[in-house]
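This report describes selected features of one protein model. Please consult the sequence and the structure shown below while reading.

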Amino acid sequence: MTGYHVVAQMAESTVAAEYKPLERQETAYQSEAEMETELIALLQEQGYECPSLPDEAALLDNLRRQLEKLNNYTFTQDEWERFKDQKLCNRNEGIQEKTRKLQQDHVQVLTRDDGSSKNISLVDKRNIHNNHLQVVHQYEAVGGTYAARYDVTILMNGLPVVHIELKRRGVAIREAFNQIKRYQRDSFWEQSGLYEYVQLFVISNGTHTKYYSNTTRDSHVKEHSEAQRKKSKKTSNSFEFTSFWADGANRVIPDLRDFARTFFSRNTLLNILTRYCVFTAENQLMVMRPYQIAATERILNRTQVAHNYRRQGSLEAGGYVWHTTGSGKTLTSFKTAQLATGLPFIDKVLFVVDRKDLDYQTMKEYERFQKGAANSNTSTAVLKRQLEDPDARIIITTIQKLERFISQQAQHPVYQQQVVIIFDECHRSQFGQMHGRIIKAFKRYYLYGFTGTPIFARNAASGGNPHRRTTGQAFGEQLHSYTIVDAINDGNVLPFRIDYINTVREKGGIPDKQVAAIDRERALMAPERVSEVVRYTLEHFDQKTKRNQRYSLQGKRLNGFNAIFAAASIPMARLYYSEFRRQLALQGRKLRLALIYSYSPNEEDPEDGLLEETFEPDALDQPSRDFLQGAIMDYNADFKTNFDTSSEKFQNYYKDLSDRVKRREVDLLIVVNMFLTGFDATTLNTLWVDKNLKLHGLIQAFSRTNRILNTVKTFGNIVCFRDLQKETDEAIALFGDKEAGGVVLLKDFDSYYLGYEDKGQHHPGYVPRVEELLESYPLGVPIVGEQNEKEFIRQFGAILRLRNILTAFDEFEGRDVLPPRDLQDYQSVYIDLYHKLSSRDEVEKEIINEDLVFELELVRQVEVNIDYILLMVQKYKDGNCKDKSILGDIDRAIGASLQLRSKKELILGFIESVNVQTDVQKDWRKFVRERKEEDLGQLIEEEKLKPEETRRYIENAFRDGALRTTGPDLDTIMPPVSWFDGGRVEKKKTLMEKLAAFFEKYLGLV
């Protein structure tokens, strides 16, 4: 800052500005127990108490003492029992309710013995250091489905808030992640359910340490149980959504000892738990990543310092945050806005976006983070009322509405208030006259910008105000950066895989550049070229979007992803839309196609290739508007909606289209500029590009495809029908670094197919790995010995991962060296080993399976479903039930499918009844109904269950897609069993196993 210098960070910073790792001195082998002992010693050095709490009684007694100490109040025995049973350990509450209690409702009301009320705080969020931290280890949970002993737990005021799962060095860290699944399923809910208060999980193998939230874990358990797949909210809950901790320079802190000294420092952990978690309206706990926290705190620190030095209304009271597209800038800005309103001198926070579509998207995200936290506005009049309302602390608006307000209100009290103004995606649109009028009107502002692609001198516009051409000139110095290279290295966004498809050969001998450009544009719009581009797109659409691969999203099982097609202009978008519909009709193929564009006031090609479209379709020329109206009518017919090109209905069309793209209900969206910036849809994996892009516009557009979803989506597909290689290299160098290309872009086909060298290390390709598999583990020869089993799992897992990448390359077609039948047979062996290792007793399972990672999601993506099996049965029946090879194919297909194995007995039983008179579809449904009723009746009789209650319980399970095995539901169907002789626990365990087997058998069939 001009005039003064910051010589030290705030003492209370959550993220260390720079961390130097401890020097490594030990060389001896370290066991898991030794690692645990070392961790506890490090925590004790930092002020953690380490009490002996071996069981639940001790845990509850400690909880009472800690709450009494925090609240300076002593419970009577009756008061404690009442508070414990009703407020802390309510049997009707689960993880989500308990998370809300710590994050939002942390003050609970105690009814005292005399009938009066008293507030009891579970957490002190005003003075975080009033909260007492303890560490316990090897806590034994005995009341669950299985006994469990937890490695290390951190308590805050007596409540378990962080669970740490350790594996010895050399073991895959993913195994610690998988281990917690069993705890959450089998024992966290046991007895008083105190472990359901855990907010964060930390997993470590000593070498690598990561953290994630409780609802990430909870949703992962649900999604990976077939019983819960239908009701899962999102597939963003797998291991890919765990995070490393890092310092302020984005240097990862992976080693457990270094992690303990930073993440587990009392100030850092308490800040994360009390300030940097967001419990959303969807009951999901989002824990912020270190770069998000660092950026938030630097803005708050800059605001506080500028206030102290009275520098409001100048560049010294501002700055910008460079966080790459897809890294969660909206969450960072929300938390910044929320905490800024807590500063005593701040009157309002304005969050300013540059387009109406981003206004809607931002408001939707803010509403997800916290209902009612922000106020959006539909007009300048509404904005005026909000600016005058002292209770409207956070306001979301567009730069256009804010500029209109200023032009209409030359004098207004808000101009004298202390206002934090945050610009989202601070590009050129905020550097012009509107920007100037805003900072001239507000006198005591603090001005901040968030961007994934800053404007530097290299990519700045040549016109306009020379003092506001770059992001730094407009907003002040850079406060924090997190580039696309950082994000890909951390696994927070995906790399790109780019195809360049040459569609035009230029004639030589055209000296005039303008004539050449006109000739080129005419050639690009030639019907023959448009037809060829559409033919290529449709021919490769299923391959690029992985339509043969399945995953779960918002309660649905989906096949593959969806895509955007970016056209250079409105005339080209119209040509493409017509040609796509023509070719789809000729092929008799059904793809959900949509089109959107609008008027752009600036028809000249901008520096980044992205014109800014308005929400004013009535400003379009009549043919373009009529064509858009027709495309919207097609959309209405597809989705039973009622939109048109009138101003309000067009805005609603945009919102509906946005939601349907996110739910993957639209297969291909054709755009000109809309949706190429600021739009996030995790299901998008492919961008087809027939327009000129460069610099920040190119990165923005490409980044629509690189959001993380699951292990099937490993990169963003970019298919360029123009030669953008030079522009791509320049953009990646500008927004990453000179070495960024090797990180941001996937390697070429031969690298994955044959192998490659990287930093002196050889990485075998698909062909040599398959050759080694065929030689080492020939089909038909048993795999003998646990070491050979483990090596087979590693080899086949590597092949599955390479295959998942190679299927997106055109060159892979016809060059697969592993025949489909062999793949199916190897997959059967792979699943057999998975079930074998999973079914062993827990001690042996730990030894065998601790360093293995099963790629089950990559297995699921290629498995068949029941419809495919019934088609094969129909083929068997049509051949008069004589072709026995079909039965072998059916058996092989079932064996290679995780989903169908539980249904094998049912399918084979039906096949035995098939004859030439069988109506396969109708008789299958009848067979399933009869067998289900027969099996359920047998289960009720064997287990002496209550018939009516059991049938209701089962029907509810199939309706919800979930078999409830926790809480009181199971007790309502069980016969009377004594609580005191241990028989009830054993009975419940047996019943759960039988119900699960029954449920798996009929799930998806009834």
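## The contact between Asp-656 and Tyr-635

The side chains of Asp-656 and Tyr-635 are joined by a polar contact of 2.6 Å. A polar contact is a pair of N or O atoms within 3.5 Å; within protein, one must be able to donate a hydrogen and the other to accept it, and residues adjacent in sequence count only if both atoms are side-chain atoms. The model is predicted: local features need pLDDT of at least 70 and side-chain atom pairs count only at pLDDT 80 or more, while totals for chains, interfaces and linings use all residues. Residues are numbered from 1 along each chain as its sequence is written, and side-chain values use heavy atoms, with hydrogens and water left out.

Asp-656 belongs to helix H21 (residues 647–662). Helices (H or I, at least four residues) and strands (E, at least two) are DSSP runs, numbered from the N terminus. With a relative accessibility of 18%, Asp-656 counts as buried; buried means under 20% relative accessible area, exposed over 50%, and partly exposed in between (1.4 Å probe, protein chains only). When neighbours within four places in sequence are left aside, Asp-656 is in contact with Tyr-635, Thr-641 and Phe-643, where contact means heavy atoms within 4.5 Å.

## The six-stranded sheet

Six strands make up an open sheet with parallel pairing, in the order E16-E23-E22-E19-E21-E20. Two strands pair if DSSP finds at least two bridges between them. At the edges are strand E16 (496–500) and strand E20 (593–596), each of which pairs on one side only. On average, neighbouring strands of this sheet are turned by 20° against each other, direction ignored. Axes are lines fitted to C-alpha atoms, for helices over the stretch in contact, and angles run from 0 to 180 degrees between N-to-C directions.

E16 runs parallel to strand E23 (residues 716–720), and five bridges join the two. Within this pair, Tyr-500 stands opposite Cys-720 of E23. Helix H22 (residues 695–702) packs on the sheet and touches E16, strand E22 (684–690) and E23; the direction of H22 makes about 140° with that of E22.

Strand E19 (residues 562–567) is largely enclosed by the rest of the structure, because six of its six residues are buried. Both of its faces are covered: Asn-562, Ile-564 and Ala-566 are buried on one side, and Ala-563, Phe-565 and Ala-567 on the other.

E19 pairs with E22 in the parallel sense over six bridges, and Ala-567 stands opposite Asp-690 in E22. Four bridges also join E19 to strand E21 (residues 668–671), again in a parallel arrangement. Here the bridge partner of Phe-565 is Ile-670 of E21.

H19 has 18 residues and reaches 26 Å from its first C-alpha to its last, close to the 26 Å expected at 1.5 Å a residue. The expected span of a helix is 1.5 Å times one less than its number of residues. The buried residues of H19 include Ile-570, Tyr-576, Glu-579 and Phe-580. Just after this helix, Gly-588 takes a positive phi of about 65°.

Lys-590 forms a salt bridge with Asp-638, with the closest N and O atoms 3.2 Å apart. Lys-590 lies in the loop between helix H19 (570–587) and E20, and Asp-638 in helix H20 (residues 622–639), so the pair ties together parts that are 48 residues apart in sequence. Lys-590 itself counts as exposed, at 58% relative accessibility.

## Other salt bridges

A salt bridge is a side-chain nitrogen of Lys or Arg within 4 Å of a carboxyl oxygen of Asp or Glu; the count by this rule comes to 44 salt bridges. One of them joins Arg-64 to Glu-68, whose closest N and O atoms are 3.2 Å apart. Both residues lie in helix H2 (residues 56–71), four residues apart, about one turn of the helix, and both are buried. Glu-38, Arg-169, Asp-255 and Arg-257 are linked in a network of salt bridges.

Glu-942 and Lys-994 also meet through their side chains in a salt bridge (3.6 Å, N to O). Glu-942 lies in helix H34 (residues 920–943) and Lys-994 in helix H37 (residues 983–1002), so this pair ties together parts that are 52 residues apart in sequence. Glu-942 is partly exposed, with a relative accessible area of 43%, and Lys-994 is partly exposed at 31%.
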